[in-house]
Amino acid sequence: MPKYIGAIDLGTTSNRFIVFDQKGAMVAMDQKEHRQIFPKPGWVEHDPMEIWTNTQAVIRGALAKAKLTGADMAAIGITNQRETTVVWDRKTGQPFYNAIVWQCTRTDEICKSLSREAGQNRFREKTGLPIATYFSGPKVRWILDQVPAAKKAADAGQAAFGTIDSWIIWWLTGGPKGGVHVTDVTNASRTMLMNLDTLAWDPEILGIMDIPTQILPRIVPSIDKNTWGNTQADGPFGPGVPVCGALGDQQAALVGQTCFNMGEAKNTYGTGCFLLLNTGTTPVHSRHGLLTTVGYQISGEKPVYCLEGSIAIAGALVQWLRDNLGLIKSASEIEHLAGTVSDNGGAYIVPAFSGLFAPYWRSDARGVMVGLTRYINKGHIARAVLEANAYQTRDIVEAMNKDSGVALNKLKVDGGMVGNDLLMQFQSDILDVPVIRPKVTETTALGAAYAAGLAVGFWNDLSTLRQNWAVDKTWTPAMTRAERDKSYQGWKKAVERTFDWME
């Protein structure tokens, strides 16, 4: 009986493969970054073949570190950067164009055109999403419009569209030699093409966007007892490992944080920042700029829905400070630099580099640094960078409290930035609730492992997973109400300065 579960974590900046044991503990991990391609301002691409090559490399790397083989894996789960769009040739496996990344704003004109008839919320009732450059549907349309070979292959039924989960599952299960073309409900719910009630591709929206049905993957449950396919002899695992669990990265973190009860929420601080609130088996439609999305679905059961607040730039702002401004040499240095001052000195940074996501949805916004005086030094700027993450999260929580009618009373956190004590304390202060970090902070990969493990019976049920979850550290509020209100008021003024920058 295999003793381990493998999780492939296909992130925005890197791919990882992590091996987990029955207690949800990490056994081995390997990671590799991929290129961020910026052909024009606001355009962001990845090379899909590089992602597949790197995926194979990290699988082999982690297995070698643990002295394991594919035969030791009970199943494979996948989690991925959502919305990033690939269109490829089913016969050759070659992409027709680079992957268009979720952050990319090139589809702005397509989105404006779709909004003209009935506004930005034209499809929200069906999809839970506003019309925005963030989602996959307009990206597919752009590729079909701009790449004649893709359009020709799509019309002939030879092209396949998928988010990164679909792309890697297809290759793992055979690629051009019979690879399985599927996407799970959580990823499908981010395309702007799936009906939230039926969990099927919506014919009316496909017609309006002129996207042919034959290029779309089959929509499957996130945790599927019907294995989609097995790994192949010439792949990194060798033959016969079931592939049967997949979740978009933010939903995977929800599962990894065991937020299985209605009202439980988690926030992931990665390249972007994403707060999800479990709203149960009925979708809650937002009136305050949030997204309605599928949290997860176990085969044979009703899906669990979430309200989500999506922030485009979180950890990416720290990378910007490092790579573009050179104020720090490594991301970990920011906490020390920010700690050289006691507050932001009145400076705010709003990272609307590609517009603002929730709750504003302003593609016309661009980043600002405001409140600058001669007093401001690089410590204040570093602090403003960290605080931007916490303020953006508060914007989401305010909207979430209004939509759900339930005030958040604690926040579970995960992702790359939760090792930053200064940020976590400020987050607790500005929200006025405890912030809780679990012992295993790799919750995105853990959620993918849980999905695959539940599917094959490696773990029995959700209560077994809850027993694996444990608190590492809790931060509690230590700021007066007057301080909190004043600093948040400054943030709101700064956000307003970002509007109407792009015509």
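Predicted model: local features only at pLDDT ≥ 70, side-chain atom pairs only at ≥ 80, totals over all residues.
Mentor: Helices are DSSP runs of H or I with at least four residues, strands are runs of E with at least two, and both are numbered from the N terminus.

Trainee: Which is Thr 498, buried or exposed?

Mentor: The cut-off for buried is under 20% relative accessible area. Thr 498 counts as buried because its relative accessibility is 0%.

Trainee: Which residues is Thr 498 in contact with, leaving aside its neighbours within four places in sequence?

Mentor: Thr 498 is in contact with Val 350, Ala 352, Leu 356, Asp 364, Ala 365, Arg 366 and Val 368, once its neighbours within four places in sequence are left aside.

Trainee: Where is Asn 54 placed?

Mentor: Asn 54 belongs to helix α1 (residues 48-65). It is buried, at a relative accessible area of 5%. Leaving aside neighbours within four places in sequence, Asn 54 is in contact with Asn 15, Lys 32, Glu 33 and His 34. Take Lys 32: it is 22 residues from Asn 54 along the chain, and the two C-alpha atoms are separated by 6.4 Å.

Trainee: How many residues of helix α6 (residues 164-172) are buried?

Mentor: First the general idea. An α-helix has 3.6 residues a turn, so residues three or four places apart point the same way. Now the case here: 9 of the 9 residues of α6 are buried, and the helix is mostly covered. Among them are Trp 167, Trp 170 and Trp 171, along with Asp 165 and Ser 166. After α6 comes Gly 174, with a positive phi near 135°.

Trainee: Which strands form the open sheet of 6 strands, and in what order?

Mentor: In general, strands of a sheet pair through backbone hydrogen bonds, either parallel or antiparallel. Here the order of the 6 strands is β3-β2-β1-β5-β14-β13, with mixed pairing. At the edges stand β3 (26-33) and β13 (229-230), each pairing on one side only. Strands β1 (residues 4-10) and β2 (residues 14-20) run antiparallel and are joined by 6 bridges. In this pair, Gly 6 stands opposite Val 19 in β2.

Trainee: What does α6 touch in the sheet?

Mentor: α6 packs on this sheet and touches β1, β5 (73-80), β13 and β14 (242-248), its direction making about 150° with that of β5. Helix α9 packs on the sheet too, touching β5 and β14, at about 100° to the direction of β14.

Trainee: At what angle do helix α9 (residues 249-256) and helix α14 (residues 443-456) pack?

Mentor: The angle is about 80°, and the axes are 7 Å apart. Angles of 65 to 115 degrees count as roughly perpendicular, and α9 and α14 are therefore roughly perpendicular to each other. The residues that meet include Ala 252, Ala 253 and Val 255 in α9, and Leu 446, Ala 448 and Tyr 450 in α14. By class, the residues of this contact divide into 6 nonpolar, 4 polar and 1 charged.

Trainee: What is the order of the open sheet of 7 strands?

Mentor: The order is β17-β18-β16-β15-β21-β22-β23, and the pairing is mixed. The edges are β17 (291-296) and β23 (471-475); each has a single partner strand, so one side of each has no neighbour in the sheet. From one strand to the next the twist averages 30°. Strand β22 (residues 435-438) runs antiparallel to β23, with 4 bridges joining them, and Ile 436 is opposite Thr 474 in β23.

Trainee: Which strands does helix α12 (residues 378-404) lie across?

Mentor: α12 lies across β15 (265-269), β16 (273-280), β18 (304-311) and β21 (411-414), and runs at about 145° to β18. Helix α13 (residues 421-431) also packs on the sheet, where it touches β15, β21, β22 and β23, with its direction at about 55° to that of β23.

Trainee: How many disulfides does the count come to?

Mentor: A disulfide needs two cysteine sulfur atoms within 2.5 Å. By this rule the count is 0. For Cys 104, the closest cysteine sulfur is in Cys 111, 11 Å away, which is too far for a bond. Cys 259 is in no disulfide either: the nearest cysteine sulfur, that of Cys 306, is 8.5 Å away.

Note on methods
Residues numbered from 1 in each chain as written. Heavy atoms only, no water. Buried < 20%, exposed > 50% of the residue type's maximum accessible area, 1.4 Å probe, protein only. Contact = heavy atoms within 4.5 Å. Axes fitted to C-alpha atoms, helices over the stretch in contact; angles between N-to-C directions. Parallel < 35°, antiparallel > 145°, perpendicular 65-115°, else oblique. Nonpolar A, V, L, I, M, F, W, Y, C, P; charged D, E, K, R; others polar. Pairing = 2+ DSSP bridges.
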